[in-house]
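Subject: Structure handover

Hello,

The structure you asked about is below. My notes on the domains, the sheets and the cavity follow it.

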Amino acid sequence: MRTTITTSYKTAAEHISNGQIVAFPTETVYGLGANAFDGAAVKKIFTAKGRPSDNPLIVHVADIGQIASVVSSMPRYAEKLIEEFFPGPLTLVLPKNKKISSLVTAGLTSVGIRIPNHLIAKKFLKECSVPVAAPSANISGSPSPTTWQAVKSDLNGRIPCILKGNPSQIGVESTVVDCTGNTPVILRAGGVTLEQLRKIIPSTRLQKRQQTISKSPGVKYRHYSPMAYVFIVSNMTETVPLKSSAYIGLHNNEKNQFGLKKICRTEAEYARSLFHFFRECDKKDIETIYCESVSEDGIGLAIMDRIRKASYQ
Ligand code: TXA
Ligand code: MG
């Protein structure tokens with residue numbers, strides 16, 4: 001299959017109307033979309049990514065008015081979260097509307113919904129005029145793509161169209177919040193922080209680890225992994241083999257001459273750079289990546305989640 005790479009959101013939306021799949025930019029990571037009402041189109045996403053069929057997809061819409069076609073009901077606290085954080089890096093899990101293909105939700109009765117805060121994504125979604133189901137646009141298991149070039153390197157020849165945009169500004173995926181119970185529960189840390197959510201709904205809590213899998217099947221799979229071994233370090237004192245190792249963190253590690261090194265000025269820059277760095281390491285055949293741990297507040301919670309998952313063998 002030939003992959004068209006375009007800057008035209010109209011060309012991209014035509015693919016959706018024709019039952020095809022399209023990669024598109026968002027502020028978190030690039031997504032791989034299909035018409036959420038069209039089961040045959042949604043199936044193509046799972047095939048292109050090699051994604052297990054029990055891992056549900058997030059449905060993306062252009063504006064708040066479109067949410068009613070995706071969900072069947074909503075608690076008051078979810079309305080408040082929507083008012084505050086949509087559009088943005090937040091996905092709310094709500095009871096699903098019948099029209100949404102059960103392939104999207106992997107047979108669950110709930111559906112994840114999000115409005116990206118990204119100009120091209122919004123124009124594209126508006127032009128599609130249907131909700132667009134989309135996971136991250138990477139081969140299953142590899143780091144999520146934060147550039148169109150990363151999408152191309154994973155999916156060239158496997159999908160018909162990539163809508164080009166700038167590098168994703170946030171760099172880690174949306175926060176997934178279960179809104180099917182009495183209070184919001186975070187299933188996956190991401191771009192909107194626990195502290196921000198608690199300012200609006202103080203009872204918001206984190207899902208306990210062992211319960212997360214039954215609530216959000218996707219989290220059990222190996223994720224975000226580069227080819228290299230990933231180690232989490234707090235204070236690197238040992239000396240490591242030079243060229244084949246890499247380091248990313250907030251503090252400079254003067255002792256070692258790494259093959260690749262990224263010193264981030266802020267946690268936000270760390271989040272934005274992480275997946276791109278993993279991919280750069282793979283290109284350079286780095287064997288071991290040392291990631292500096294950060295405190296688990298603010299966006300640090302999402303950073304630690306991603307580097308932990310990347311470090312599982
Ligand atoms: O930022 C993002 O969320 C990106 C962009 C493209 O929007 N998308 C993304 O999708 O990261 P994906 O498929 O890579 O991750 C979706 C996560 C999975 O962990 C999945 O289990 C969870 O959301 N999820 C989706 N629908 C769900 C549902 N109905 N109930 C529980 N978890 C759900
Ligand atoms: Mg993903």
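This is a predicted model: local features need pLDDT of at least 70, side-chain atom pairs count only at pLDDT 80 or more; totals for chains, interfaces and linings use all residues.

Domains and cavity

The domain assignment gives domain 1 (4–206) and domain 2 (229–311). Their C-alpha centres lie 27 Å apart. Across the boundary, 25 residues of domain 1 are in contact with twelve residues of domain 2.

The structure holds one cavity of 30 Å³ or more, and the volume of the largest cavity is about 30 Å³. Its lining consists of Thr175, Ile186, Ala189, Gly190, Val192, Thr193, Leu194, Gly298, Leu301 and Ala302. Sorted by class, that lining has six nonpolar and four polar residues, with no charged ones.

The eleven-stranded sheet

One open sheet has eleven strands in the order E1-E8-E2-E3-E7-E4-E6-E5-E9-E10-E11, and its pairing is mixed. Strand E1 (4–6) and strand E11 (205–206) are the edges, each pairing on one side only. Within this sheet, strand E5 (residues 90–95) and strand E6 (residues 110–114) run antiparallel and are joined by four bridges. Leucine 94 has valine 111 in E6 as its bridge partner.

- Helix H2 (residues 39–49) touches strand E3 (31–35) and strand E7 (132–134), and its direction makes about 155° with that of E3.
- Helix H5 (residues 148–155) touches E1, strand E2 (22–24), E3 and strand E8 (161–163), and its direction makes about 165° with that of E8.

The four-stranded sheet

Another open sheet has four strands in the order E12-E15-E13-E14, with parallel pairing. Its edge strands are strand E12 (229–233) and strand E14 (260–263), each of which pairs on one side only. From one strand to the next the twist averages 15°.

Strand E13 (residues 245–249) pairs with strand E15 (residues 288–292) in the parallel sense over four bridges. Tyrosine 247 stands opposite tyrosine 290 in E15. Helix H9 (residues 300–311) lies across E12 and E15 and runs at about 135° to E12.

Regards

Methods:
Residues are numbered from 1 along each chain as its sequence is written. Chains are lettered from A and ligands numbered from 1 in the order in which they are written. Side-chain values use heavy atoms; hydrogens and water are left out. Two strands pair if DSSP finds at least two bridges between them. Helices (H or I, at least four residues) and strands (E, at least two) are DSSP runs, numbered from the N terminus. Axes are lines fitted to C-alpha atoms, for helices over the stretch in contact, and angles run from 0 to 180 degrees between N-to-C directions. Contact means heavy atoms within 4.5 Å. On a 1 Å grid over the protein atoms alone, a cavity is a set of points where a 1.4 Å probe fits but cannot get out, and a pocket is an open set with protein on both sides within 12 Å along at least five of seven lines; lining residues have an atom within 4 Å of a point. Grid points are joined across faces, edges and corners, and a volume is the space filled by probe spheres set on the points. Ala, Val, Leu, Ile, Met, Phe, Trp, Tyr, Cys and Pro count as nonpolar, Asp, Glu, Lys and Arg as charged, and the others, Gly among them, as polar. Domain bounds come from an automatic or database domain assignment.
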